[in-house]
Amino acid sequence: MLIKKMLKNLISIYILLIISFSEANALENNVEFNAWVKNFKLKAVESGVSKKVVEEVMADAIFLPKVIGYDRFQPEFYEDTNTYIKKRTSRNKVKKGLALYKKERSTINKIEKEFLIEKELLLALMGIETNFGKYLGRMDIISSLATLSFDKRRSEFFTKELIILLELVDKKIINKKILFGSWAGAFGNFQFMPRTIQNYAIDYNKNTTIELKKTEDSFASAANYLNKIGWKKNVPCFTKIELNKNIPSKYLNASAGSIKNKKKVKYFKKYIKNYEDIKIDGNLEAAIITPDKDIIPGSNTYTPAYLIYSNYEKILNWNRSLRFALAVCTLKNNFKNEI
Ligand SMILES: [Ca+2]
């Protein structure tokens, strides 16, 4: 009994300690964060943003501990490829995309023609990024970008993004009142980061502001982005393959960082069991990816495996994740037979 009581007391003390520690930690973070904001504001003004906009926009920026939590746990690094793709390309998702297409057909068709980007790809990207505008995110982007800039892990990257966002507000291209999005600072139907907005977003309906939560501007901006980075219309993205075990491991790309050892499709013939079924131009340049390798504990190195082509790498340019690009191209194919 006595031991039980002692143990209970110890646990209570432990819990109390954790609470006071995290409170102290939060207080310390806030003090440091406010000092960081002060310094950041000087930096933003120095890089050319007007003092008025810097003061206005940064006035409500707060430290968001949950953003750090999300940054340290990103489910796509832990899910196996099949689960990841299946979750994001369901029949239900196709139905929702078709409903949106039906409603916005003339705008989407016009954008497809003008930018030479398949409507199926645009729908797939919007479906995967935000479930067709349903999950645009409610996070105050200024605070999330400020939190990630203040945090050490990717400070330089997010500081630049935040400055670009302030510039866009300063130039009245983006309205600061609508800056709510994902925990990592992505915004609108297609989850553009500030730098993507700066480089590729367009005011398609010419009403002087870029509205990335509305169909016209968001679809045209996504199509413009894909066109500028070199997406080729009607060229395949990937093919699922079954590998022979004789394949040298240097050909197995498991990281989205850089795709290595590209060869013509026909070069890989001797390593592919189902080569006769894949019906792809043998002269197309390709690489092999095995996305579960190195990430999923105990995963089989050889499955799943895919041949990927230059279009697939354009989607990696959009979001550097092997699974993301596979899901986008899979959903695109699912739309293909329905529109
Ligand atoms: Ca507009």
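This tour moves through a predicted model, one selection at a time.

**The calcium site**

Begin by selecting the calcium ion together with Asp203, Asn205, Asn207, Thr209, Glu211 and Asp217, the residues that coordinate it. Asp203 and Asp217 contribute OD atoms, Asn205 and Asn207 each contribute OD1, Thr209 contributes O, and Glu211 contributes OE. The distances run from 2.2 to 2.4 Å. The angles among the six donor atoms span 78 to 171 degrees, and the site is octahedral. Along the chain, the donors follow the spacing D-x1-N-x1-N-x1-T-x1-E-x5-D.

Asp203 is partly exposed, at 21% relative accessibility. Asn207 is likewise partly exposed, with a relative accessible area of 34%.

Next, select Thr208, which is found in the loop between helix H9 (194-200) and H10. Its phi is positive, about 80 degrees, although Thr208 is not a glycine. Most residues other than glycine have a negative phi. Thr208 is exposed, with a relative accessible area of 66%.

**The disulfide**

Which two residues form the disulfide? Select Cys237 and Cys329, whose sulfur atoms lie 1.9 Å apart. The structure holds one disulfide. The torsion about its S-S bond is about 60 degrees, so the disulfide of Cys237 and Cys329 is right-handed. Are these two cysteines buried or exposed? Both Cys237 and Cys329 are buried.

**Strand E6 and its partners**

Now select strand E6 (285-289). Four of its five residues are buried, so E6 is largely enclosed by the rest of the structure.

- Strand E4 (252-253): E4 runs parallel to E6, and two bridges join them. Display Leu252, which stands opposite Ile288 in E6.
- Strand E5 (263-264): E5 pairs with E6 in the antiparallel sense, over two bridges. Here Lys263 stands opposite Ala286 in E6.
- Strand E7 (residues 305-308): E7 and E6 run antiparallel and are joined by three bridges. Ala287 stands opposite Ile308 in E7.

With the side chains displayed, a general rule is of use: in a regular strand the side chains alternate between the two faces of the sheet.

From E6, continue into the loop between E6 and E7, where Pro304 is located. Thr303 and Pro304 are joined by a cis peptide bond, with omega at about -10 degrees. Most peptide bonds are trans.

The structure holds 20 aromatic pairs. For one of them, select Tyr251 and Tyr267, which form an edge-to-face pair, 6.0 Å centre to centre and with 65 degrees between the planes. Tyr251 lies in the loop between E3 and E4, and Tyr267 in the loop between E5 and E6, so the pair ties together parts that are 16 residues apart in sequence. Tyr251 is buried, with a relative accessible area of 4%, whereas Tyr267 is partly exposed, at 31%.

Tyr271 lies in the loop between E5 and E6, so its pair with Tyr251 ties together parts that are 20 residues apart in sequence. Tyr251 and Tyr271 are both buried.

The charged end of Lys270 sits over the ring of Tyr267, 4.1 Å from its centre.

**An aromatic cluster**

Select Phe190, Phe192, Tyr200, Phe219, Tyr225 and Trp318 together. These residues form one aromatic cluster.

**Last selections**

Select Tyr84 and Arg88. What sits over the ring of Tyr84? The charged end of Arg88 does, 3.6 Å from the centre of the ring.

Finally, select Leu116, in the loop between helix H5 (91-115) and helix H6 (119-130). Leu116 has a positive phi, near 60 degrees, in a residue other than glycine.

Key:
Residues numbered from 1 in each chain as written. Predicted model: local features only at pLDDT ≥ 70, side-chain atom pairs only at ≥ 80, totals over all residues. Heavy atoms only, no water. Disulfide = S-S within 2.5 Å. Buried < 20%, exposed > 50% of the residue type's maximum accessible area, 1.4 Å probe, protein only. Phe/Tyr/Trp six-rings, centres within 6.5 Å; stacked < 30°, edge-to-face > 60°. Lys NZ or Arg CZ within 6 Å of the ring centre and 35° of its normal. Pairing = 2+ DSSP bridges. Donors = N, O, S within 2.8 Å, 3.2 Å for Na, K, Ca; no water. Tetrahedral: all angles 85-135°; square planar, octahedral: opposite > 155°, others 65-115°.
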